[in-house]
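Take a look at the structure below. Where do its nonpolar side chains sit, and what links its charged ones?

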Amino acid sequence: MQTIDRPFRFTLDFCVVWALLAVPAFLLTRRMDIGPWYSDCAFLIVVPLFATFALYGPGLLMRQFVRSGSRGWFVARVFLSVVLVAILLFGGLLVSGFYTESRSRILAFVFMAAATVYLNWRLKR
């Protein structure tokens, strides 16, 4: 099994980045009234975790692409092609004004489902 095919695991470096983001989140939100104490705790866990995935995740993904060699670059090309086609579709919907109709939501859902099936099919083949 190559590096790119392994599932995501919480590693020490990921947890360190999360902790480094949790401290400023605590300092910035301790005067906010979010709700009961468990809402404060959930906020302090979920927001830095989401920020860690958003900020550190692309770096981890690129590291896996590089370590996996040709298989990793193949996965990167297929992923990038699906994302670019999705951007073109949504950009076309936005420019044409078709996004305001209810049919566009169905079209976008069908397209994203087809892109996911295509990505899964290409990676297993």
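This report covers a nonpolar core, a nonpolar surface patch and a salt bridge.

The model shown is predicted.

In soluble globular proteins, nonpolar side chains tend to be buried together. Here the largest nonpolar core has 5 residues: Phe74, Val78, Val82, Ala115 and Leu119. Helix 3 gives the most, with 3 residues. Leucine 119 touches Val78, Phe79 and Val82, leaving aside residues up to four places away in sequence.

**The patch.** Some nonpolar residues lie on the surface instead. Leu61, Phe79, Leu80, Val83, Leu84 and Ile87 form a patch there. Together they have about 510 Å² of accessible area. Helix 3 (residues 70-96) is the main contributor, giving 5 residues. One of the patch residues, Val83, is found in helix 3.

**The salt bridge.** How many salt bridges does a search of the whole structure find? The search finds 1. In a salt bridge, the side chains of arginine 63 and aspartate 13 meet at 3.1 Å, N to O. Arginine 63 lies in helix 2 (residues 37-67) and aspartate 13 in helix 1 (residues 12-29), so the pair ties together parts that are 50 residues apart in sequence.

| Residue | Relative accessible area | Class |
|---|---|---|
| Valine 83 | 30% | partly exposed |
| Arginine 63 | 35% | partly exposed |
| Aspartate 13 | 27% | partly exposed |

How values were computed: Residues are numbered from 1 along each chain as its sequence is written. This is a predicted model: local features need pLDDT of at least 70, side-chain atom pairs count only at pLDDT 80 or more; totals for chains, interfaces and linings use all residues. Side-chain values use heavy atoms; hydrogens and water are left out. Patches are made of residues with over 30% relative accessible area and no salt bridge: like charges are joined within 9 Å, nonpolar side chains (Val, Leu, Ile, Met, Phe, Trp, Tyr) within 5 Å. Accessible areas come from the Shrake-Rupley method with a 1.4 Å probe; for residues, only the protein chains shown count as cover. A salt bridge is a side-chain nitrogen of Lys or Arg within 4 Å of a carboxyl oxygen of Asp or Glu. Helices (H or I, at least four residues) and strands (E, at least two) are DSSP runs, numbered from the N terminus. Buried means under 20% relative accessible area, exposed over 50%, partly exposed in between (1.4 Å probe, protein chains only). A nonpolar core is a set of buried Ala, Val, Leu, Ile, Met, Phe, Trp, Tyr and Cys residues joined through side-chain atoms within 4.5 Å. Contact means heavy atoms within 4.5 Å.
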